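Let me bring up the sequence and the model and see what I can look up.

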Amino acid sequence: MVDISLTKSLRSTVSTLNRVSDESAAASQRLTSGVKVQTALDDPSTYISAKSLSLHAAALDKYLERLDQGLGIIDAANNGLTSITDSINTLKGVVTRASASKNAFDRADLVKEYNDLLDKIVDTAKDSSYSGKNLLLGAGNDLTLYLSADQNESITINAVDFTDLLNTLGLTKLDEGQLGTFETKLTDGGSPAKPLKSTSKLVESGEYAVGDEIAVKDSSGTIIGSLTVSADTTVGDLVTAFSLPDKGLRATLGSDGVLTIEAADKLTIDSTRATNVATSAGSPPSASTTLTDGGVPATATSLLTATGQYKEGDVISIRQGNTVVGSLTVGAATTVGDLVNAFNIPASGLGASLDAAGVLTVDSTSDAFAIDRTSTSTYADLTTATASSWVKRTDAEAAQQTVTNARHAAEKHTTNIGIGLTLLKSRADYVGSFADVLSSTAESMRASDKDEEAAIMLALSTQQQLAISSFSITQTADNGILRLLSGGSS
């Protein structure tokens with residue numbers, strides 16, 4: 001192996017080229033990466049300080065990630081509460097409409113809308129979760145967040161159960177009720193029977209007679225509407241009499257003559273018919289009727305219902321002119337003797353007796369008289385209806401305060417959540433900004449000056465060119481010396 005010996009000048013030039021090349025590579029690295037202090041060897045003090053700042057910033061970033069998770073949970077709850085508040089405001093509108101409505105059926109429909117909104121509130125609460133936690137579901141969902149990376153300071157936001165509407169908002173579902181329905185077909189009784197129209201006379205149907213009293217009664221027996229049938233009463237008048245929407249009653253007549261009656265509360269419709277039993281004749285006035293019990297003459301102890309002429313609930317009255325001077329309501333235990341006693345009215349000059357043949361005779365010493373029987377039957381039984389919570393407008397009016405209280409409760413919880421959200425957002429913004437400052441400072445401490453590095457690169461390039469030129473000149477000079485030593489031969 002041949003050793004290659006360099007002259008001192010060449011060795012110096014090669015060393016310079018190597019140094020310039022290394023420094024150029026380092027400067028190029030600093031220029032392209034933008035980092036001046038890449039290792040502790042570059043600048044131990046600066047490197048250690050910047051590293052400390054970077055580690056602190058990284059710790060804050062991890063803390064900020066946990067804080068952001070908490071903010072997500074609170075934000076989800078806040079959005080849920082906003083939606084719930086909107087639903088409560090809609091509830092307020094529903095209650096206002098119900099309290100202003102004069103139609104019990106419309107109010108029943110609004111009850112259903114009210115209940116649907118309560119279901120929406122519950123669904124919203126269930127959907128307001130984030131990362132497995134829901135501040136609107138109550139127990140087990142409380143949120144504790146630390147306000148510093150060292151966990152020395154914390155805030156706890158208590159969860160509230162918005163699926164428990166009664167305890168949280170004071171709201172509860174309302175009874176939607178169930179309509180009671182009755183149908184009857186109105187025809188003229190001909191063959192074939194023709195359906196009656198709204199303009200048809202009511203007496204065209206054999207079910208009605210002049211003088212009939214049709215009364216609508218509520219569950220307490222109070223008459224809330226009535227109609228007295230006259231010769232001119234039409235089917236339309238009957239429909240109108242059964243159209244009491246604020247009381248929970250409505251009626252419609254189909255083209256086929258079917259009368260449909262609907263009730264939003266327990267109601268009955270009774271039909272009362274008055275018939276003449278006997279009218280006095282002669283002078284002095286007198287009237288008689290024969291009563292039998294099982295085919296044999298009735299006695300004073302015979303039950304009046306056993307005669308076949310009367311039934312429970314019938315009212316038997318005696319009148320002089322238009323004045324009723326005595327009456328008897330037939331009950332299960334009413335006897336023929338009770339009827340005789342009822343018609344013995346000395347003050348009106350009336351006397352009654354029953355003979356062995358079962359003949360009841362009523363005599364008058366003064367005015368003529370007539371004996372009437374008033375029979376009441378159930379026209380329509382609508383007691384199967386169940387009332388909605390707002391069957392009465394007053395109940396809907398009372399619900400307004402309940403909804404107002406619910407809105408205040410929701411606003412209170414929204415405020416609590418909002419305070420926590422504002423506090424944590426402020427802390428997150430501060431921590432994020434501080435972490436950015438630390439990272440920026442660490443980067444600036446290690447960052448290179450591009451202008452400076454570019455100047456260094458230019459200077460090193462110049463040095464490299466000079467070194468190359470020097471290397472070329474030195475090599476040429478050395479070759480000349482060698483030629484002189486060898487006698488000038490080349």
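I started with the surface: the chain exposes about 26000 Å² (Shrake-Rupley method, 1.4 Å probe), and carbon and sulfur atoms supply 51% of that area. This is a predicted model, where local features need pLDDT of at least 70 and side-chain atom pairs count only at pLDDT 80 or more, while totals for chains, interfaces and linings use all residues. Residues are numbered from 1 along each chain as its sequence is written, and side-chain values use heavy atoms, leaving out hydrogens and water.

Next I looked up burial: 37% of the 490 residues count as buried (under 20% relative accessible area).

Then I listed the elements and found eight helices and 16 strands. These are DSSP runs numbered from the N terminus, helices being H or I with at least four residues and strands E with at least two.

I picked helix H3, residues 104-127, and checked its length. At the start of H3, a side-chain oxygen of asparagine 103 comes within 2.8 Å of the backbone nitrogen of phenylalanine 105.

My last stop was strand S4, residues 213-217. It runs antiparallel to S5, residues 223-228, with five bridges (pairing takes at least two by DSSP). Here isoleucine 214 faces leucine 227 of S5. Five residues lie between the strands of this hairpin, and glycine 221 has a positive phi near 90 degrees. S4 also pairs with S8, residues 267-279, antiparallel and over five bridges, where valine 216 has isoleucine 269 as its bridge partner.

Definitions and conventions. Expected span 1.5 Å × (residues − 1). Polar contact = N/O pair within 3.5 Å; in protein donor to acceptor, adjacent residues only side chain to side chain. Buried < 20%, exposed > 50% of the residue type's maximum accessible area, 1.4 Å probe, protein only.
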